[in-house]
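Open the model in your viewer and keep the selection tool at hand. Each stop below tells you what to select and what is there.

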Amino acid sequence: MKALLIGMFGLFLIYGCRPAQTFDVLIKNGQIVDGSGNAAFTGDVGIVADSIVAIGDLTGAHGAIEIEASGLVVAPGFINMLSWAVDALIEDGKSQSDIKQGVTLEVFGEGSSMGPLNEEMKKDKKDSQGDIKYPINWTTLGEYLEALVKKGVSTNVASFVGATTLRVHTVGYENRAPSEEELEQMKALVRQAMEEGAMGVGSSLIYAPAFYSSTEELIALCQVAAEYDGMYISHLRSEGNQLLESLDELIRIADEANIRAEVYHLKMAGKNNWDKLDAVVSKIDSARKAGLTITTNMYTYTAGATGLDASMPPWVQEGGYDKWAERLTDPKIRDKLKIEMVTPTNEWESLMMGVASYDDMLLIGFKNDSLKYLTGKSLAEVAAMRNTSPIETAMDLVVQDGSRVGTVYFMMSEENVKKKIALPYMSFGSDAASYAPEGVFLKSRSHPRAFGNFARLLGKYVRDEKIISLEEAIYKLTTLPATNLKIKKRGALKEGYFADLAIFDPNKIQDHATYDKPMQYATGMVHVLVNGIPVLKEGEHTGALPGQVIRGPGYKSTD
C-alpha cells in the first residue's frame, strides 16, 4: 500500500504539476485544413522558432504571440508554382500582392532563369531592364537566390533552371542545334544548377530562342536533371492548334528522360481549340496509368499575358532583340509579316490568331516612358489612334519601345477554367510578379492574376461556385505542389514541418483585381507566417522578411 501511494504521488508530481506548454506562436481555435485533403477540424497550432511542434487541443498553453483564429481557416502557406517576381522582389522584397493571398513560396523558372549568366548575358539583361533597375552581382542561379534572401524577402523562393537560359549561355540566339561540345556544356550547367538546389529544368517553347530547341536536346538536359530527382516543367510548344502534339512531346520527354513532368498554365488557347480539353485529359490520364508522373498547373483567368513577340514568327526574332527590331524596319520583311501574322499555321504558335479580335489584346507593359500613355489600351485602339493597321502597329511598338511590349490576350473559355480546377493533378501559379500598388510598380499595369489568382480560387470557385471543396483546394495549393517538387517538411500542417501558414476568413476571401483596375489587393487573408514569423497580421504586412531559399532534391551543400 505504501508503495502504491508513493507511486501515485510520483505520477501527480510528473503530470499534475507539469507547467503549461509555452510556444513562440500559439494559434487558437482555428478550423485546421492541413493540406492532406482530409476534413477540417477545430484545433490549435503551437510553433517554436521556425517549426510546428504541436497540433490539436492545446488548452492551457500560452504563446509569446497568440493568434485567435475562431471562424478562420488555418492552412499551410500556398505555393505559387509559376512566379515572375524575380525582378519585383529585388525592388520590394515584401511580395505584398502574393502575401495578401497566403502565398509563402514563389517558384521561378519558366524557360528563363536568373542564372547561370555569362558576361554578355549580364550586359543584355542590364540593357533590357525597364522600370526596375538593379545591379547584377551574381552569376549562377544559386547565387541569385541567395542574394535575394540576403537582401530580404517575405516569401520563400525556389527556381527551376531555364532551358532558354542554358541555350543562350551556350548557343546564343541562333536557330541551330548545339554542337556536341555545346550540349555537354549545357548539361554541365544543368548539373551545377541542380547541385545548387534547382527544382529541375523549365522550358517555354513558343518563344525564340527556346523554339529552336529540339525534343532530343530537351531530353538530354532532362536526363541530367533526372539524375538528381528533378522535374521537367514546360510551357508547351503550342497551347492552341498543336496542343495535343505538344503534350505528346512533353510526355515523350518524361518517358525517355525518366523524369517527372508538369505542364505550365494548362490551357486551350483560341476558340477553335476549346474542345480539346477532354483529349488533353485523356492523354495525361493514359500517361499516368502507364507509370509516368505528369501533373499540371494553371491560373484562374480566361486571359493570358505575355508580349507581342508571341504574335510574330520565331524566324524574325532570331539573334535577339536588336536583330528582331532591325528586321521589323525592313519594308520587305514587314510585307512578309503582314501576311504571316494573319495566316493560320501549325508551324509556330501565334497568340494573335487565338483572340477573337484586336480588341482582345490589351497593351500593359511599356519600357519607354514616352509610350506609357498607351498602357491599358487595346491594340485595336492604338492602331486607330495611329491610323495604321493592327499588324503594323504591333511591329512599330516593338521597335519604338525597345521591348517585346507586355500584352494581355483573351483566349480561353470560362467553362474550361472550371473543368481544369477540378483535375486531381492540378496546382496553381499566378504566372505574374508580386507587386504593391505603389512606387515604381505603378509605371506599368499588371494582369489581375498578380493580385487575385489564389483568392479567386478560394472565393469565386470554391466558396461561391463550389467547383471543388475547400479541403481539396488547399491540398492543390500546398501538399500537391510540395510533393511534386519533392520539397521536404513544407506544404502541410504537421508536427516537425516548417511553420509556413495562411490564416483566412473563408467567408470573406475575395479577389478585387480587374483588367481595368488590376492593382487591387485581395481581401480576407488575415494572418500569414513564413518560417514561424508573422508577415501578415490582421491583414496588414508587418514588414518582416524571413524568406529562405528552398532547394530541390539534388542540392549539395558546400558547407
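Predicted model: local features only at pLDDT ≥ 70, side-chain atom pairs only at ≥ 80, totals over all residues.

**Stop 1: the open sheet**

Start with the strands. Select β9, β10, β11, β12, β13 and β17, in that order, and you have an open sheet of 6 strands with parallel pairing. Now colour β9 (161-162) and β17 (426-428), which stand at the edges. Each has a single partner strand, so one side of each is left without a neighbour in the sheet.

Next, zoom in on β12 (residues 260-263) and β13 (residues 294-298). These two strands pair in the parallel sense over 3 bridges. Pick valine 263 and look across: threonine 296 in β13 stands opposite.

**Stop 2: the second largest pocket**

Which residues are closest to the centre of the second largest pocket? Select Gly270, Lys271, Met353, Gly354 and Val355 to see them. The pocket holds about 380 Å³ of space. Its lining has 22 residues. By class, these are 11 nonpolar, 8 polar and 3 charged residues.

**Stop 3: methionine 411**

Go to methionine 411, in the loop between β16 (406-410) and α15 (414-421). Methionine 411 is buried, because its relative accessible area is 4% and the cut-off for buried is under 20%.

Show its contacts, leaving out residues up to four places away in sequence. Methionine 411 touches Lys267, Met268, Ala269, Gly270, Lys271 and Trp274, among others. The list also includes Thr302, Ala303, Gly304, Leu351, Gly354 and Val355.

For a distance check, pick isoleucine 136. Methionine 411 and isoleucine 136 are 275 residues apart in sequence and 36 Å apart in space, C-alpha to C-alpha.

**Stop 4: the cavity**

The largest cavity holds about 70 Å³ of space.

Select its lining: Gly77, Ile79, Thr104, Leu105, Asn156, Ile487, Arg490, Gly491, Asp500 and Ile550. These residues divide into 4 nonpolar, 4 polar and 2 charged.

**Stop 5: aspartate 500**

Stay with the cavity lining, which includes Asp500. Is aspartate 500 buried or exposed? At 7% relative accessibility, aspartate 500 counts as buried. Its place is in the loop between α18 and β18 (501-504).

Show the contacts of aspartate 500, again without residues up to four places away in sequence. Aspartate 500 touches Ala75, Pro76, Gly77, Thr104, Asn156, Arg490, Leu529, Val530 and Asn531. Of these contacts, Gly77, Thr104, Asn156 and Arg490 also line the cavity.

**Stop 6: proline 481**

Select helix α18 (residues 479-485) and find proline 481 in it. Proline 481 is buried, with a relative accessible area of 0%. Beyond its neighbours within four places in sequence, proline 481 is in contact with Ile79, Met81, Ser427, Tyr475 and Lys476. One of these contacts, Ile79, is in the cavity lining.

Proline 481 and phenylalanine 428 are 53 residues apart in sequence, yet 8.4 Å apart in space, C-alpha to C-alpha.

**Stop 7: salt bridges**

Side chains of opposite charge can pair when their charged atoms come close. How many salt bridges does a search of the whole structure find? The search finds 33.

Begin with aspartate 131 and lysine 372, whose closest N and O atoms are 3.1 Å apart. Aspartate 131 lies in the loop between α4 (119-127) and α5 (141-151), and lysine 372 in the loop between β15 (361-365) and α13 (379-386), so the pair ties together parts that are 241 residues apart in sequence. Aspartate 131 is partly exposed at 21% relative accessibility, whereas lysine 372 is buried at 14%.

Next, select glutamate 182 and arginine 176. Their closest N and O atoms are 2.9 Å apart. Here glutamate 182 is buried at 14%, while arginine 176 is partly exposed at 29%.

Then go to arginine 463 and aspartate 464, which meet in a salt bridge of 2.9 Å, N to O. Aspartate 464 is partly exposed, with 46% relative accessibility.

Finish with a group. Select Glu414, Lys418, Lys460 and Glu465: they are linked in a network of salt bridges.

Conventions:
Residues numbered from 1 in each chain as written. Heavy atoms only, no water. Salt bridge = Lys/Arg side-chain N within 4 Å of Asp/Glu carboxyl O. Helix = DSSP H or I, 4+ residues; strand = E, 2+ residues; numbered from the N terminus. Buried < 20%, exposed > 50% of the residue type's maximum accessible area, 1.4 Å probe, protein only. 1 Å grid on protein atoms, 1.4 Å probe; cavity = no way out; pocket = protein on both sides within 12 Å on 5 of 7 lines; lining within 4 Å. Points joined across faces, edges and corners; volume = space filled by probe spheres on them. Nonpolar A, V, L, I, M, F, W, Y, C, P; charged D, E, K, R; others polar. Pairing = 2+ DSSP bridges. Contact = heavy atoms within 4.5 Å.
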